[in-house]
Amino acid sequence: MISISVMALVFGVVFLAELPDKTALAGLVLGTRYRASYVFVGVAAAFVVHVVLAVAAGSVLTLLPQQLLHALTGVLFLGGAAMLLLKGGDDDEEVREPKDQSFWKVSGAGFMLILVAEFGDLTQIMTANLAARYDDPISVGLGAVLALWAVAGLGIVGGKALMKRVPLSLITKIAALLMTALGVWSLYEAIA
C-alpha cells in the first residue's frame, strides 16, 4: 500500500534538494538544443534507474558515516562548480541545433547524460536514506521519481524561455555559485 504522506515528504525533500542541482542545469541545456519531449523521455528513464538503485541500496548506505557522505557530497559539488566555471558559457557562442533530432538520438543523449551525471548524487543518497528510514520502498520511490521528473521538466521547459532573456554566461555563473554554496555547506556539515 502506498503512503501518501511518505510520498509527499520524499517529493518535497528531493524536489528542493534537486532544484539548484546540475539536473535542472542539464535539463536547461538539453532543452535549449533538442526537442523537449524527446529530452524528457530520456531523462525520465534515467531517473527511474537511479531511484530503483537508490531504493535498493537504502539499507546499505545507512551503514556509512554521515561525515563521510557530507564530505564526499561537498567535494562533488565544488568539482561541479569548478567544471562549470572553467568550461563557462560564452555569450557570443550561439546555441546550435544538432543535425540529428531523431527521437532515439535525443532521448538517448538525455538518458546517458543524466545516468552518468547523477550517479551517486546527493538526491540519490538522500533517496536511499529515506528508503531505509521509512521502510516503504514504493512510496519513497514514487515520491523521488515524481520530484526528479518535476525538476527536469522545469529545467527543460524553462531552458528555452530563459535562453531568450538571459545570457548563457550569467546562467553558468549562477549555477556555479549555487553549486559552490552547496559544496561549502556539505563540507561544513562534514566537519561540524
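Helices H1 and H6 run roughly antiparallel to each other (angles over 145 degrees count as such), since H1 (residues 4-18) and H6 (residues 122-134) pack at an angle of about 160°, with axes 10 Å apart. Here axes are lines fitted to C-alpha atoms over the stretch in contact, and angles run from 0 to 180 degrees between N-to-C directions; helices are DSSP runs (H or I, at least four residues) numbered from the N terminus. On the H1 side, the contact (heavy atoms within 4.5 Å) takes in Val 6, Leu 9, Val 10, Val 13, Val 14, Ala 17 and Glu 18, and H6 brings Thr 123, Met 126, Thr 127, Leu 130 and Tyr 134.

The model is a predicted one: local features need pLDDT of at least 70, side-chain atom pairs count only at pLDDT 80 or more, and totals for chains, interfaces and linings use all residues. Residues are numbered from 1 along each chain as its sequence is written, and side-chain values use heavy atoms, leaving out hydrogens and water.

As for cavities (sets of points on a 1 Å grid over the protein atoms alone where a 1.4 Å probe fits but cannot get out), the count comes to one of 30 Å³ or more.

Terms used
Helices (H or I, at least four residues) and strands (E, at least two) are DSSP runs, numbered from the N terminus. Angles under 35 degrees count as roughly parallel, over 145 as roughly antiparallel, 65 to 115 as roughly perpendicular and the rest as oblique. On a 1 Å grid over the protein atoms alone, a cavity is a set of points where a 1.4 Å probe fits but cannot get out, and a pocket is an open set with protein on both sides within 12 Å along at least five of seven lines; lining residues have an atom within 4 Å of a point. Grid points are joined across faces, edges and corners, and a volume is the space filled by probe spheres set on the points.
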